Structures are given as C-alpha cells and as structure tokens.
Amino acid sequence: MMAEYDAIVVGGGHNGLTCAAYLARAGRKTLVLERRHVLGGAAVTEEIHPGFKFTVCSYVVSLMRPEVIRELELARHGLHILPLQSAFAPMENGDYLAIYPDEGSTREEIRRHSKRDADMAPKFNQLMYEMAFAVKPIVGMVPPDPSRPGLRGLRTLRDLGRHLQGLGRETFHHLTKTMTMSVADLLDEWFESDIVKAYAALNGIIGTKLGPQSPGTAYVLLHHYMGELDGAFTAWGWQRGGTGGVSDAIANAARSHGAEIRCEAPVARVLVRDGRAVGVALENGDEIYAKTVVSGCDPRVTFRKLVEEKELPEDFVAAIDRFKFRGSSGKVNLALDALPRFTAMKDPALMQMIEICPSMDYLERAYDDASYGGFSKRPFLDIIIPSTIDPTMAPPGKHVMSIFVQYASYDMPEYGNRDEQRDAFGNAVIDTLTEFAPNLKDIILHRQVLTPWDLEQKFGLTEGNIFQGELTLDQLFFLRPAPGWADYRTPIRSYYQCGSGTHPGGGITSGPGRLAALEILRDRN
Amino acid sequence: MADYDVIIIGAGHNGLVAAGYLAKAGRRVLVLERRERVGGAAVTEEIFPGFRFSTCADGSGYLSAEVRRDLKPDLEILAADPVVFAPQPDGSRLAIWRDTARTAQEIERFSQADAERYPAFVDLMGKLAKVVGGLMRVPPPDLPDVGLRDLRSLLPLAGPVLSLGRKNVNQLLRVLPMPVADLLDEWFESDVVKGTIAANGVRDLTWGPKEAGTAYALLYNWALSDTGLFRSAGVVKGGMGALTEALAGAAGSLGAEIRTGAPVKRVIVEDGCAVGVEVDGETPLRARVIVSNADPRTSFFELLDPYSLSAGIVRHVRSIKYRGSAARIHLALSELPEFTALGGEDPAVMLRGPIQIAPTLTYLQRAYDCVKYGEASPRPYLDLLIPSLLDPGLAPDGRHVMSITAKYAPYRLRAGGWEARTEAFADGVIDTLAEYAPKIRDVILQRRTLVPPDLEADFGLPEGSPSHGEMTLDQFFHMRPIPGYARYRTPTTGFYLCGAGTHPGGGVTGIPGRNAARAVLEDWS
C-alpha cells in the first residue's frame, strides 16, 4: 500500500479546510473529504427555497482568528465581512432597546433605560476587551499537559505565567473571577436596567445549556469579546453570501496551495495498522492511503465512529465518552415575502439583528423550561435578516430570516416522533416571534426547522452541539477534548484532530484547524 | 502605649481559635464579643424549656484535627454511623455507612453497577479531597504576583499532589470546576445514589447540583469530614455551644482574655495602621494588632472607614455574594418520629446521623430553581439532625430535639417580606417531611423557624450566609474574601481578618482562625 497523500482531512468544515490549507501551504499533498454535497460543515450557505439562500446552521462571524485571515490571505480568496451594526431587542411592555451604528446614539438609547448604565457601558466594554486581550494569547496556544508538561509545556506554562503577571493585578483579579462566575452576577455588578442586562447576557448563554444565572456563563460572554470587531456588548459581522462564503474562501485558499477537495465522499472509517493511521475507507468501499489522517469531526465521531475502540486506551475511551455535548439550540430559517413588522420598532434601519431577550427572567425561564427536557415554550431568539444588508441572499423585495433558538433538548419524546417534535418546536418559535411581529405568519413563504437532533443528522454535530462539545471550564484548554490529548494528537500515531472539539473551541474561528496543522507540521519535520 | 498585643473582634469559633493560637505564642490577647455569650453562630440555646438546640451552625464540619491537637479544647464528639439516612418517597431507603463495603450492599438495592463503582469513587474522591484539605491549610498565594514566600507556603501541598498520581492531577483540575451532578452522572446511574451524594455539594450554597463549582463544594465537605466520606456524622456533646465554650476555655487557659457584651464600634486607624478599637461607652483600647472575626463587608465597611479604602477594594467588597438560602427549623418532639423507610429497623440506630431528604438530582435542582426568581422552594431539600439520640441531655427524658436545615429559602423574597411567609414556609417543610414520616405532626410539641433574615439579625450573618460569603469558585482561594487580600491581611496595616469569609471558608473548622493567627505571627517581627 502506497500513500497517495501526505494528509487526508476528514470533514470539509471550516476547521478541516483551514487545517488543509495550512498543510498544503507547507507543501504537503493534501486531500479533504466531505460527506455532503456542499463544503463548510456547519458554516454553510444553501438555497433551501428557490431564490432564497439560507445560512442553515451558523450565521454570523466575529471570532475568526486574524492570523488565519492574514496567513491564508482570505480576503483575496473571497472573505468579505460586513459589520452588523444595529440590533433591536423588543421588550414585553412594548418598549425596546436598540443598538445603533454610532456610539453616541447607542449611548443615548441606553440612557433612556438608565443613565447610570449609559455611563457604565463604555467602562464595562473596556474591561471586557482588556480581559479578552488578556486571554487572547491562550487562544493561540497549544495547551500543555499540566500533569506531564515536558520542556515545551513548561516553557508554555512559564510564558503563560509571565503573561498573566504582565496583565496587572486588577485585570488579573477580574479575569479570574470572570472565568468562574455567572453572566447575571457579572452584569449585576455593572448595570441596573433589566433590558440592558438581558441584551448583554445573551452572548453569555448562546450555544450553552446554561441559564444566565449559571456559573461559567461570564466566560462564554468573554469568549465573544475575542473577536476583532469592536462594538457595544461584542460585535458581529456578516459574511457576504452567508457563512458558507467563509468556508468557500478558506477552500479557495487551500486549493490555491494545491489541496484537493472532494464533496460527496463520506468517510466510513480511518484505517489503522499497528497503531498508526494509514488512510481512510470511504463508504463506497474505496480506500485512500495517506501518511497522516486528520479529523475535523467532533470527538465522539473522531474516536467512537471513525476508529475502532480496540485502537484506543481504555481510559481515553472513558474520557471521550464523558465529554459532554448536550446540544441546546435549534435553528429556524424563513423565506419571507416581505419584511416583518415589529410592533415596537419605529426605525426600519434596525431590521438587521433582532434579539428576543425581553428580560433576564425571560432568559432564565427559557432555560428552566428546557433543562428538564423538551424545549422552551417561549424561547430566546437570536435573529438576523441578512437580506437587508446582503441582496444576494433573496430575490428583490423578498427576505430571509435566520433564527437561532434556545433552548431545546436533543431528545423530546414528549412531543411525539421526530417530525412531530420538529413541528411543535418550530411552532413555538413562530408563535413567540409573532407576539412581537404580528404579521409574521402572513409573510412566511417557506420554513426550515432544525432541532438539535436535526443538527446532528445534517451536520454530524453530536447531540446537536454547535461547539462540538460544551464550552464549560471542565472541557476547556488542556481538558479539551481529554486530559493529555489536548495538543491535537491522539493515541493513534499519525491520527490528528482539528475540530471545534479541540482548543480553543467553537465558533467560526479557524483556531483549532490552524493549531492542529502547525502541530502536524512539527511532527513531520 | 498598647493595652494588648492583639485585640480580636468577635468570639465566634474562628476568633476563639485565633485567640488560642496567639495566646499560645505568648501574645497578650483580648477577645471582644458583642453578644452576652461567646460562640457566634456556633451556640446551644434552650429555645423551649428543657429542649436545647444548636440554633445556627449544625456542625456539619467539625473542628480540624490540628486545632484540637494544638489547643486541646475540652469537648466530646459523639460519632454516628450511619453517616446518612436517606428515606425515599417510595418508602425505600439508602443508608451510607462508614464502612464502604456495607454501603455498597445498600447501594446494590438500587443498582448493581453503582454498588460496584462506589468503592472506587470513594477512593478517588478521598484522594482529591486530601489535596483540597491541603489547600485549605495554606495561605493562598497573592496571584498573579507569586513570590518565593508564596511558593514556600505551598510546600505542604506537594505530598498530597504527588500521592495523587499523574492522571489524577488532571482529574482534580477537571473536577474542581464541575457541577456535582455531572460528576455523579459519570459514576452512577441510580437517582437515589446521586441525589444522596449531591446534596452535600449544595448544602452550603445557593445553587442546585447542576451548577459549576458544586463538585468543589462536595470535595470541601469531604476534606473536612471525620468519616472519610462526603460529610461528618455525629454531634458535639452539649451542642455546638459546647464546642465554642471549650474553645473559649482553651484560649482562656492559654492566657487570652475574653469579654462579652462589648460591641466594637470601629477600629482606630492612625497613619494607615490599626492601633486600637472603640467599644461602646468605654475608653478606646489600644493594641498592636487588630483581628476581625466579622464578615468581610462588616470588617471593611463598618469596622474600617469605607472612605479610606480604594475604589477597587470598595467595589470588590460590595460585590461579595453572601446569599444565605437556608432556613433553620427547630422542633421539640414528644417522641422519635416514625419514618416509613425504616421498615422494622431500630430508629435509635438508623436516625443517629444526618437524615437527608434529597431524593434525586432533579428534586434538588427544582428546589433551587425557585431562588432564581426570589421564591422559596415549595418542596424543599431537607437536612435533619436529631442530636438527642446521641446526646440525651439535650431534651427531657424520652423526648427529642430535631433541627432542620431547609433549602431553599432566599434572603430576599421578591414578593413581600419574610414576616408573612415564614410560618407558611415552615408548614411546607413539615408537609414535605410528613411524606417520609407521616405522623410527624403528632409528635411536634413546639416549632421555631429562623429564615435567613433571622439568622442575620440573631447571629450577624449578613444575608444569613453561614459561610460569610458564598463558597463559589469566584470567591475561592486567592479571591476570598476579595482578590488581592486573601492572605488574612488588609490594606490597613495591623488589621487582619480571621472569619469564615477568608480562605478556606465556612464550616466550624477553625482553619481560617488558625491560618490568620499564623499570618499575624509571621508579620510580628
């Protein structure tokens, strides 16, 4: 058997593509194998209804690592991010909180809810950005193994220590508290207006199976300040053509360096001989050999589906089985005949991002409602209408709406079979949104509903977790995905992992893909 | 001219322990107590004629071994076995015995697999708890500026960490920030087993078992216990008041002077140094060092002049979370209540130790959910003790005393105050208890309920927090009581803290008092 490739990357998600691009850039003959007909994994744009393009799963960008954009020259390959500059959060009493493109108007708007909060907001953002800045070097670091650091790990730990000392006492103290507290407690220290808190809190719960009062959520908020875009309470960007455009840009970069990318080429398993990965077997029976195999899939798929249990040490298998997924979010994508009319919205320019997070209690109750099973009857909704800023998404005069929904459980047998569960879930979302935009039901041309189970079926995200595993403290850094194996290597020689289930975790960051590629190149030098 | 070497404000158990150690080291020590008796929250009171109760602290963690060894307080601890009696709603029961094999037999009735895993669980948690125990006894380093002195003071940790073994170091780092529910889900399948153990991760917190950091709380209790398990079992003969009286006696015989009915108004500060205290209606007393056993907020904001503190310190102190959430309910009983779950077994044996009403993780979490909206739990989690079984002197012949810690009862009720709600909450507690002991109402002679505001008023526990501030991860170690001042010292030279608000925290352990005394002595020259 002859290795046809230096490296095969299993899965054409954004991290797999990033890893492939870096490997190809370093002269490695690289092949990417994607199960679906489209590239991008969860960062994908699809025309689900004729003329309407849906960002089926992920929908916004802000955490993309700047070094990846630079090193892979993604701008040249099609990365084009438009800032999402306004946001609108209706309240249950008919009032609302709006975020405007200019800081002054936003400040005035916050002042309408609380003068004190308007004064505090810039200070809070400043501290969050300082803390995010403090954490950034860790995001770009290959996690050491504290129980067996080795020379390199010791150097990393020393650098980390020096970095933390260099932050200054005040920032360090805030950082250590923020790492472990709840976003509700954090915001209570700064703000008094409930809607300001609720709006600021949403980035602390997004993608988690936690409520705003759960400890650990302040860190998730901090995670969202790590993007390169500035803004009041984190900032988001829209990739022209949807998040699939990000994947396409990375794929283009990979191809420009000579990587080969195949769609509709599902990998059945990784071939292992004498404890070493030697290639992959496709579902159609073809075998392709390579010196290195990299999985961009999540840890459950990477270790429990693609390889046989006997190839892995027992305690490692136990650690992977312990790794928590617990998807908590779903997605509803709508093709709309016209723009919805929000009762509370007076300025149509606010029709970009809409947040249904009318109060802190609302968010907490949405969590409670689903934390024992089922879904939130009145869920938290993170909505964008990208067609208002990107006309390529829908026919003229028509619109697409992307609704990210929390919370929903993976299994919801109380609602019947999977089809019935999906319908009930979709109805709850539409009913909730209709409370705020009464004409919604009249303008829906097509609706696509994805429960956590659907996200798993469609995108291979175990239990529908959008981060390929929960972003909780016990699953971060050197513990992601398993202690001792957080450096992108695996117990199987020449088998690597590069998905969001590795450090630094989820979101469209390309961080795991890049760090994995650098480690692979290190080993093969 | 100093009247004393050291004045200690507050004769709670930690103040008395600090007094004992300082007197033993030859310092002239005066302890000033506001109330007419020593003990703080660790007291025995004859609430009803002939019936004596440990009104506030129930002594779930007993005085640490080194304090007993060093100060030799004259106290007798009557040990109990079983360590837990956990009646279930269906009339079955789980008893946890000191003997692991015997407990495994009990667990077998609920799950064969759990019974097999239990010994390994006890073994691993015991090892992790040893490190936590070590951590409790060292002064936290002044992160991020770690000096040689900090490293030296961490040396005692080396032993327990090394004995963990390499893999378990990672386990420790992984488990500390976990929810206790997740930890137990990894080990056990039976809800009964999980609920029974998890209760000890939330007993001292305003959280449910699904919140991150509750695994640490379990290990904390494990580290303190005298059973080798997750909680202590037994009573101090004569109640918790006997413990503090013994400590006062020990401090006195070592030369410390103790005055009750002497409320300190403020600490006298000259040129940034604490030089004495003002006692109501007396001439100021001067000392070289002042140590406060009061909680941090009282210490910083009432005993010191808050205007003399930096904005950063004021901010940190103000954001300390106290959040008492347990009510204490004391019952005078005409006879032992009959628990359905006892079957034919001897109640005098089975009911000697703590009795837990915490059937499942979901039960605990649902009981907690109410707190998030400022409500008391309609179906509370109960921790019961009938100390008169081991110590008949607490009640008239043949009669008994029962003390209940009932959760959750938040300090602040959102709708209305506690005045109108206290008895209704207590009724709910008795109703819950009656599901397990149907005839309980027939044997209750008297009832006294103390909700968190009562505990605040009676024992000076802010917001009724028994640990002078929540034992959460963001208020732990180098952040306890506030970041930058976790080494018992304060920004005011010569003013120290020794209460449960300092590292390592609550429980009647004496460890904060001992650690603080060591800090005072370290600085003495």
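**A tour of chain A and its neighbour**

In chain A, residues 24 or more positions apart make up 74% of the contacts with a separation of 6 or more; two residues are in contact if their C-beta atoms, placed from the backbone, lie within 7 Å. Before you click on, note that this is a predicted model, where local features need pLDDT of at least 70, side-chain atom pairs count only at pLDDT 80 or more, and totals for chains, interfaces and linings use all residues. Residues are numbered from 1 along each chain as its sequence is written, while chains are lettered from A in the order in which they are written.

**Stop one: select chain A**

Colour it by secondary structure and you will find 17 helices and 18 strands. These are DSSP runs, numbered from the N terminus (helices: H or I, at least four residues; strands: E, at least two). Of the 525 residues, 59% count as buried, with 20 or more other C-beta atoms within 10 Å of their own.

Strand β3 (residues 45-49) pairs with β4(A) in the antiparallel sense over four bridges; pairing needs at least two DSSP bridges. A:Thr45 has A:Thr55 as its bridge partner. Two residues lie between the strands of this hairpin, and A:Gly51 takes a positive phi near 90 degrees. Now look at both faces of β4(A): A:Phe52 and A:Phe54 are buried on one side, A:Lys53 and A:Thr55 on the other.

**Stop three: show chain B**

The contact takes 32 residues from chain A and 29 from chain B. On the chain B side, α7(B) gives the largest share, six residues.

Key:
A residue is buried if 20 or more other C-beta atoms lie within 10 Å of its own, exposed if 12 or fewer, and partly exposed in between; C-beta atoms are placed from the backbone.
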